[in-house]
Amino acid sequence: MNKGENQSSDLELIADKVFVRQYLDKIPENLPLSEQENADYESKIIALLAEKNAALVAHYYTDPLLQALADKTLGCVADSLEMARFGSNSPASTLMVCGVKFMGETAKILSPDKTILMPTLEATCSLDIGCPIETFSAFCDQHPKHKVVVYANTSAEVKARADWVVTSAIAVDVVEHLLDQGEKIIWAPDKHLGRYIQNKLGAEDDDILLWDGACIVHEEFKLKALEDMKHLYPEAAILAHPESPLAILDVADAVGSTSQIINAAVNRPEKKFIVATDAGIFYKLQLAAPEKEFIMAPTSGDGATCRSCSHCPWMGMNTLQNLYESLLHGTNEIHVEVELGKQAMVPLQRMLDFKKNN
Ligand code: SF4
């Protein structure tokens with residue numbers, strides 16, 4: 001494969017691709033529980049967490065019920081890196097990771113001696129499955145002089161093949177640091193974030209080779225509908241995650257990771273925000289800035305290829321029910337082969353050290 005991004009048309013959405021569609025088609029519908037059923041599950045989970053010396057770690061995009069339970073039990077609600085970092089510092093011997101599979105793997109890589117459980121092992125990510133190790137490794141082999149920088153949303157194998165792992169919060173800084181040293185870069189897997197970094201740093205196309213991956217949720221945000229919404233709420237600021245298409249990022253007032261979006265909402269003077277990222281973040285946004293108003297950025301609505309637009313269908317597979325079952329029976333444990341974990345830890349540690357020093 002050569003410079004993967006050029007091989008696809010911009011009109012070809014990732015969610016239309018067969019390899020993603022086959023995963024999406026396997027997602028079961030979740031039937032909502034009654035308030036009483038939710039409360040029963042919550043109290044049983046709280047008891048099990050104590051009994052098993054376990055901590056609950058949830059991503060911002062999971063069901064607000066899970067985020068609230070993580071807060072209530074002094075676990076953690078965060079982005080993928082902070083989830084893993086919290087897990088490695090936690091005295092708990094078991095971590096229940098609510099999110100998608102690469103998050104469980106990252107937690108295991110950072111905490112190899114802990115038991116890592118997940119409500120489901122079927123929850124994946126279009127960025128992860130769109131970057132299979134065999135083809136990605138072959139692509140890297142074709143460009144042996146390039147530094148390989150991968151996003152956290154990748155498998156343990158892809159992380160182990162990389163020189164650097166980054167999150168959206170520090171992606172621009174790390175790539176800038178490498179370009180300043182005269183390095184050329186392979187960026188994977190999110191092409192929108194890669195293009196955003198290219199533009200932000202004024203890098204030449206040849207300086208950063210982009211892998212052709214995208215997030216099915218962020219890719220659905222549409223410029224025309226966003227502009228229409230902005231006419232309705234001219235006083236609102238637009239906050240966008242950099243996995244969104246460049247046209248969205250160009251009109252955003254602030255672009256950043258989930259944590260940076262929350263900080264922007266708290267610190268910016270506006271009282272109203274149009275938010276282009278997964279709807280799960282509204283739980284923390286409303287807690288962090290209760291006096292402000294948040295409006296979901298529009299997607300292509302009924303035409304959306306993502307099953308539950310503005311919400312990641314894989315994040316939505318985490319429920320109180322399967323969390324309880326996993327904790328009770330110790331099922332859905334994440335395993336990362338020891339040597340692979342050590343290799344993947346090298347680029348992860350580089351990121352942690354970089355963050356500490358910058
Ligand atoms: S929201 Fe997008 S990037 Fe996040 S897990 Fe879902 S598919 Fe992956």
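User: Which unit do E11, helix H14 and E12 make, and of which hand?

Analyst: In this predicted model, strand E11, helix H14 (residues 282-288) and strand E12 make a right-handed β-α-β unit. Right-handed is the word because, with the strands pointing away from the viewer, the path from the first strand over the helix to the second runs clockwise.

User: How do you know that E11 and E12 pair, and in which sense?

Analyst: Pairing takes at least two bridges between the strands. E11 and E12 (residues 293-296) have four, in the parallel sense. In one of them, Phe273 has Phe294 as its partner in E12. E9 (residues 237-240) also pairs with E11 in the parallel sense, over four bridges; there, Ala237 has Phe273 as its bridge partner.

User: What makes E11 count as mostly covered?

Analyst: Four of the five residues in E11 (residues 272-276) are buried.

User: Why is Thr106 called buried?

Analyst: A residue is buried if 20 or more other C-beta atoms lie within 10 Å of its own. Thr106 has 29 other C-beta atoms within 10 Å, so Thr106 is buried. Thr106 lies in helix H5 (residues 101-110) and touches Ser80, Ala84 and Ala152, leaving aside residues up to four places away in sequence.

User: Why is the ligand said to lie between domain 1 and domain 2?

Analyst: Domain 1 (4-9 + 126-216) and domain 2 (35-124 + 314-338) both give residues to the shell around the ligand, so the ligand lies between them. The ligand is surrounded by 14 residues, with Cys125, Ser126, Cys215, Val217 and Cys312 the closest. By class, the shell has ten nonpolar, two polar and two charged residues.

Definitions and conventions. Residues numbered from 1 in each chain as written. Predicted model: local features only at pLDDT ≥ 70, side-chain atom pairs only at ≥ 80, totals over all residues. Buried ≥ 20, exposed ≤ 12 C-beta atoms within 10 Å, placed from the backbone. Helix = DSSP H or I, 4+ residues; strand = E, 2+ residues; numbered from the N terminus. Near = placed C-beta within 6 Å. Nonpolar A, V, L, I, M, F, W, Y, C, P; charged D, E, K, R; others polar. Domains from an automatic or database assignment. Contact = placed C-beta atoms within 7 Å.
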